[in-house]
Amino acid sequence: MENKGLSKVDLIFEEINAKEVLQKAFAMTSEEIIQQVLESGLKGRGGAGFPTGLKWKYTAAEKESEKYIVCNADEGEPGTFKDREILDKVPYKVYGGMAIAGKAMGARKGFIYLRGEYRFLLPQLFIELHKFHKMIKEIGFDFQIEYRMGSGAYICGEESALFESIEGFRGEPRNKPPYPTTSGLFSKPTSINNVETLVTAMMIIKMGGAEYVKLGTKDSRGSKVFSISGDTPIPGIFELELGMSVQEFVNEFGDGDTKAVQVGGASGFCVPRKRFIETIIGFEGVPTGGSMKLFNSSRSMYNVLHNYLEFFTEESCGQCTPCRVGCQQLLKGIEKVKKGEAKSTYLNELIKLADTMKVASKCGLGQSVGNAFRSIVENFREEVIY
Amino acid sequence: MITLKINDQLAKVKEGTTVLNAAKSLGINIPTLCNHQDLCVAGNCRVCVVEQKGARTLIASCAMPVSEGMEIHTNSLKVRNARKHIVELLLSEHRADCTKCYKNQNCELQTLANEFSFGEHIFFDLTEDHPYSIDRSSPSFSKDDSKCIRCQRCVRTCAELQHVSAIAVSNKGSEMKVSSFHNRPMSHVVCTNCGQCVNRCPTGALTEKTYIDQVWDAIYDPDKHVVVQTAPAVRVALGEDLGYDPGQRVTGKMVTALRQIGFDSVLDTDFTADLTIMEEGTELLTRLKKILVDGDKKLALPMFTSCSPGWIKFIEHKYPQMLNNLSTCKSPQQMFGALAKTFYAQKRNIDPSKIVSVSVMPCTAKKFEADRPEMRSSGYKDVDFVLTTRELAVMIRQAGIDFRALEESKYDSIMGSSTGAAVIFGATGGVMEAALRTAYEIVTGRSVPFKNLDITPVRGMEGVKEATIKIEGTKKEWNFLEGAELKVAIAHGLVNANKLVKAVSTGKASYHFIEIMACPGGCIGGGGQPIPTNIDIRKKRMEAIYSEDSGMSLRKSHENPEVIAIYKEFLEEPNGHKSHELLHTHYVQRESY
Amino acid sequence: MYHTGNLVKELADKHGRQRENLMPILQDIVRKYNYLTDEAMVEVATELDISAAEVYGTASFYTFLDTQERGKNVIRVCKTITCSMKGKNDIIAVLEDILKIKVGETTPDKMFTLVETNCIGWCHKAPAMLINDMPYTDLTPQTVIDVVKGYMSK
């Protein structure tokens, strides 16, 4: 497996002349923009990792006159806080990325769905948005962005749940198909992209897809902003080239006693010390929307798992059986095993349940609860039992 | 056409077909829970998951449209394991007191449990983690959240079919549930008691309030004279709960069964349906005259029918400004009740305080209607107990009656004779047709100008129907109607009713007379009818209604000999003083939530 | 309890009366009064011509759209893993002491409500909490006391 080692990058937070980049983009055709993004190999930075260029291409191909670009700023994955920092530091690049996406797909309207927990950012974001609207008008591109606020529901980060929320409903994921690129927000073709993805897309237009593709590995092109927390002497936000091993990451950010790293938040994977060297952080190994949590030997992995399961039990939308009831059963199950009220072998039944949740849940939330569950129970079985 | 493979068999189906229906076309059954033919796709119970070759996850067959070359396996190991888990998960949050449950042996979850989850359960019981209380506040039905499996059929029913949304999904995660507005008692919200949710609930979470024991007690009480009336739609649906296919008329056997159960007199709501036509038809003509000739400003047009208690409660909540448009006629059930303890008591020389008046209805809202304080014009509770079609089937089974083997028999008299016009009350458009058959004849002295008296434009399953009848050759006292075009409309299902009322209230449409039934298809699709229900079943019941009508010798309400007699002996004239006292009512404004 | 007066009508005029305007309207009511009364939800339902159960059902999905009475200042302490590892329980204990209420409760003077919440995106500065919209991070028992005292004297 390709291993690029750990190197810091400065693309996302780099101050740029947005107007120049946008003028460059608007001088390009829709196809040219999409081609650049496709060439860059950019995959969605929210966690799911769908190729951004393809998403734009599909949306562009739709014949509808009304289309939307939606920026997913409902950053709720435990351990993820990079989008807040991006919106705080370089909101104009988010707006710019949306305008470029709009140009590429033929959308004249954008929505930013900002989680309620980040409402305090709004006054400054509005000031920046006002400037942006003025600039884009000067350039002569007809494009408007509006904010929509979340109100404390993790599941609204799921794209179709987010549309439901904007449309004024409970944030319950929809059946797919249809996919957002054909029928998304208000049933119109929609490209929904993460905050960081949009900024990255703008940087790709600035530097060219061919230049961007030099960063990262075959499966994980480019760089990524990581949200680093837990048992680390230097928690915070770091942009790193993709393709490092967990070991290299721990060497840089660990406290010398790291026993596990949870990659990708509560819905991600727990990597134990014995797998640090062989595990690459990226789509070829453990994918992540940027959440990296380090645990040292003082931590009980039972408590970690219990905390995650409580989180999912509350944050599941509740509509589908595997997720709504499955989360409760996993939580109750490990409690019973811990208390000795169920045999330790019951964990095997729970792993099977987690597998059912992975294949039978309606959306990504239920499908990924099993990631943390399986990887923690399998690697820290004794901590879970005793 | 799309070609796909299901369990290695080739299927050719129309584009847009779901995998579930494609499988059905091959005779492959995939279990479902949240899916219901009358409702939009939810895809949330996940019981119907199947394996699609090449797909990362299983897919919900109810929500997945077919695509060319798809390869589906409905019974692979992966599918079976997942399905068993899902059924067990549902069981773990379901308070399974099956032997005490009203839906025992008529529960879709129980059926699935039978197929997938016998023996030891894998998962822990979660019901203890979720405190619950059973909402018994409505006289029509109970809501027991501890039996709810969150399939949301009820919520979709209330929204999509009824445009009421008295219940909606609330909270999220493990706390997600089906709630009224801020969990208020169902008796204190906008619920119309139509029971359509009850009809579609796969478990015992929503069940009608049953009065079976009270009725048995009355029957066994030697001091009581127990009369029973049966609504028109019951006779074309009861059979379904007793092993017959939909669409089978069992009128005569039902009458015999009721007699064997021990009712002292087996009577027919159809009698008061005919009476309703006399009262309502006269009211309509009088209203037209007062408005068109006398310029009366207090009366309102169009006039709405008032037989459907779900519809009445709907308009009381949602369009209180239009209560004047309602006919003041009580429903046939309540006319019957008022007469049972007055006219019938006198004629049979029975102390009305000893009469227990029972009705068998296709309807749960009738239970509420009977409880309304307005419905005591006999000086007693006019109708003591309302049973649904389903409850009657239970009583027949309890009595150990071999229903198929029963001889047919006829209703008792008095208050047991009827016409075809009364029978068709049970189907959408039926009241309109019955009213037109009589009103046209009152005005012109001739039969309605339709072949065999079948006013086909008002029949059928279309949500909103319209018709215009030109009135020609009027009698002298009605000559102000000469050449007039009587414009009528019909809606069934409150979502359609709402469309029609909205159009009327905003002036976008104008009619003289509108029939509204709260339930899809009219009473044949009532909330108290046998479960399951779907459009095919309702159509079959409807056909049965119309064939019952066409088979009757008398088909106009004003020709019913007992109706003629009751006006002569007791009521004097339609809309007369006595009628107003006993057969008419008034309405109240209710809250908007 | 509060009375909305003309607020709901004004908000409906401002945002619109389509279903998509429901969330902004509810959010604005909550920003002003910190929770939704039944009266307010019924008014919203009437303005938007949807059922009150639908309004309640939607509001109750969102943690921040409280339908129970809340104080003027809602303190939401993050309980997710990092904050939990970094001393969330101590922060809660201090808050319970100073406010004389338990988690989930509101002070008798209706000034404060104390609740726990899921990840608020400040894991690198854990433990963290929100008071209304404002985040407070790197909390210690002492800083919590200072912050809350600040609100008490406002």
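Modeller: Ser30(A), Ile34(A), Val37(A) and Leu38(A) in H2(A) meet Thr52(A), Gly53(A), Trp56(A), Lys57(A) and Ala60(A) in H3(A). By class, that contact of H2(A) with H3(A) holds five nonpolar, three polar and one charged residues. Keep in mind that this is a predicted model.

Colleague: What makes Gly53(A) in H3(A) part of that contact with H2(A)?

Modeller: Contact goes by C-beta atoms placed from the backbone, within 7 Å. Gly53(A) is listed among the H3(A) residues that meet H2(A).

Colleague: And why are H2(A) and H3(A) called roughly antiparallel?

Modeller: The axes of H2(A) (residues 30-40) and H3(A) (residues 52-61) cross at roughly 155°. Angles over 145 count as roughly antiparallel, so that is the label H2(A) and H3(A) get. Their axes come within 7 Å, and the crossing is left-handed.

Colleague: Now the sheets. What is the strand order in the open sheet of chain A?

Modeller: S3-S2-S1-S4, four strands with parallel pairing. S3(A) (144-149) and S4(A) (190-194) are the edge strands, each pairing on one side only. From one strand to the next, the twist averages 20°.

Colleague: How do you know that S2(A) and S3(A) count as paired?

Modeller: Pairing needs at least two bridges. S2(A) (residues 109-114) and S3(A) have six bridges, in the parallel sense, so they pass. One example is Ile112(A), whose bridge partner in S3(A) is Tyr147(A). H7(A) packs on this sheet as well, touching S1 (68-73), S2, S3 and S4 of chain A, and its direction makes about 100° with that of S2(A). The roughly perpendicular range is 65 to 115, so about 100° falls inside that range.

Colleague: In the sheet of chain B, what makes S2 and S4 edge strands?

Modeller: The open sheet of five strands there has the order S2-S1-S5-S3-S4, with mixed pairing. S2 (9-13) and S4 (59-60) of chain B each have a single partner strand, so one side of each is left without a neighbour in the sheet.

Colleague: How many bridges join S3(B) to S4(B)?

Modeller: Two bridges, with the strands running antiparallel. Val49(B) stands opposite Ala60(B) in S4(B). H2(B) (residues 77-92) packs on the sheet, touching S3 and S5 (71-73) of chain B, with its direction at about 155° to that of S3(B).

Colleague: Where does chain A touch chain C, by element?

Modeller: H7(A), S5(A) (223-230) and H11(A) (301-315) each give two or more residues to that side. H11(A) has the largest share, six residues. The contact takes 38 residues from chain A and 31 from chain C. On the side of chain A, the residues divide into 14 nonpolar, 14 polar and ten charged.

Colleague: And how many residues does the contact of chain B with chain C take?

Modeller: That one takes 17 from chain B and 13 from chain C. S8(B) (residues 168-170) gives the largest share of the side of chain B, three residues. By class, that side has nine nonpolar, seven polar and one charged residues.

Colleague: Last one: how far apart are the centres of domain 1 and domain 2 in chain C?

Modeller: 28 Å, between C-alpha centres. The domain assignment gives domain 1 as 7-61 and domain 2 as 73-153.

Methods: Residues numbered from 1 in each chain as written. Chains lettered and ligands numbered in written order. Predicted model: local features only at pLDDT ≥ 70, side-chain atom pairs only at ≥ 80, totals over all residues. Domains from an automatic or database assignment. Contact = placed C-beta atoms within 7 Å. Axes fitted to C-alpha atoms, helices over the stretch in contact; angles between N-to-C directions. Nonpolar A, V, L, I, M, F, W, Y, C, P; charged D, E, K, R; others polar. Parallel < 35°, antiparallel > 145°, perpendicular 65-115°, else oblique. Left-handed = near helix turned anticlockwise from the far one by under 90°.
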